[in-house]
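Please consult the sequence and the structure below while reading.

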Amino acid sequence: RSAIAIDTETTGLKPQHGARAYAIATCDDQGKQNAWEWDVDPYTRTPKFKKNDDQLKDFRSTLSRYQIQVYHHAKFDIRHLVAIDAIQNQVETDSPFWESVQDTLLMSHVLDSEESHELKHLAYRYLGIDNTDETELSDRCKEKHKRFTELNYSLNYRETAKGKSWIYQTDYWALRALDPKSHYLKTYNKLDAVRTMKLYLLFREALHDEGLERHYERERKDRK
């Protein structure tokens, strides 16, 4: 069955607290890649979706052509996609929608419960894909932090014992707010979708070879 991997970039962790996805990338099982990205208002942290947004329509149309959706931490991405109306299915735990969802994070747990299940770690260990894209993106973002603050961008901080700590990973959108031609985020987003798809293909074969397919299916149904 045809499969597509989906990765999102978001302004925070929890859509119920106002965080929203502002970039989506996909990679299918033949290696075809797509990406959609929205500007974010730097003062409200709100993605600028249009009424009857053409990019959302195109994403939904792309998704509809595949029988399997692959994520690395499916619940996280799906919650955010539902929040922006990128997924319009009913996604309650007993919904048939979940039968089409595969999760490389859960696959990794089943195959080796003791190792790190972080996407970049797995991609480097099993695929040899390093994290240069992430390093370039985060370094560029940190370099521009002073400029972001001078422009009074609404950045995301948390209080720590040592004072405020910038959660820069949720503010990657600021690079494009500053420079619409910035490509760092799209490169990173697309490569995460590639990582996810390649891990899915590898882990699917490993689960079969090790006789763990039923174990994975039980876990997948329990964690919907």
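Helices (H or I, at least four residues) and strands (E, at least two) are taken as DSSP runs, numbered from the N terminus.

## Thr8 in strand S1

The model is predicted. Thr8 is placed in strand S1, which covers residues 3-10. Thr8 counts as buried because its relative accessibility is 5%, and buried means under 20%.

The side chain of Thr8 makes a polar contact of 2.5 Å with the side chain of Asp77. Leaving aside residues up to four places away in sequence, Thr8 touches Ala21, Ala23, Ile24, Phe76, Asp77, Leu81 and Asn189.

## Aromatic pairs around Tyr153

There are 11 aromatic pairs in the structure. One of them joins Tyr43 and Tyr153 in an edge-to-face arrangement, with 5.9 Å centre to centre and 80° between the planes. This pair links distant parts of the chain, 110 residues apart: Tyr43 lies in the loop between strand S4 (40-41) and strand S5 (46-47), and Tyr153 in the loop between helix H6 (145-150) and strand S8 (157-160).

Tyr153 has 10% relative accessibility and therefore counts as buried. Tyr153 also pairs with Trp173; this pair is tilted, at 6.1 Å centre to centre and 35° between the planes. Trp173 belongs to helix H7 (residues 173-178), 20 residues apart from Tyr153. Both Tyr153 and Trp173 are buried.

## Ring cluster and a charged contact

Ring pairs connect Tyr43, Phe148, Tyr153, Trp166, Tyr168, Tyr172, Trp173 and Tyr188 into a cluster.

Lys164 has its charged end over the ring of Tyr157, 4.4 Å from the ring centre.

Note on methods: Residues numbered from 1 in each chain as written. Predicted model: local features only at pLDDT ≥ 70, side-chain atom pairs only at ≥ 80, totals over all residues. Heavy atoms only, no water. Phe/Tyr/Trp six-rings, centres within 6.5 Å; stacked < 30°, edge-to-face > 60°. Buried < 20%, exposed > 50% of the residue type's maximum accessible area, 1.4 Å probe, protein only. Lys NZ or Arg CZ within 6 Å of the ring centre and 35° of its normal. Polar contact = N/O pair within 3.5 Å; in protein donor to acceptor, adjacent residues only side chain to side chain. Contact = heavy atoms within 4.5 Å.
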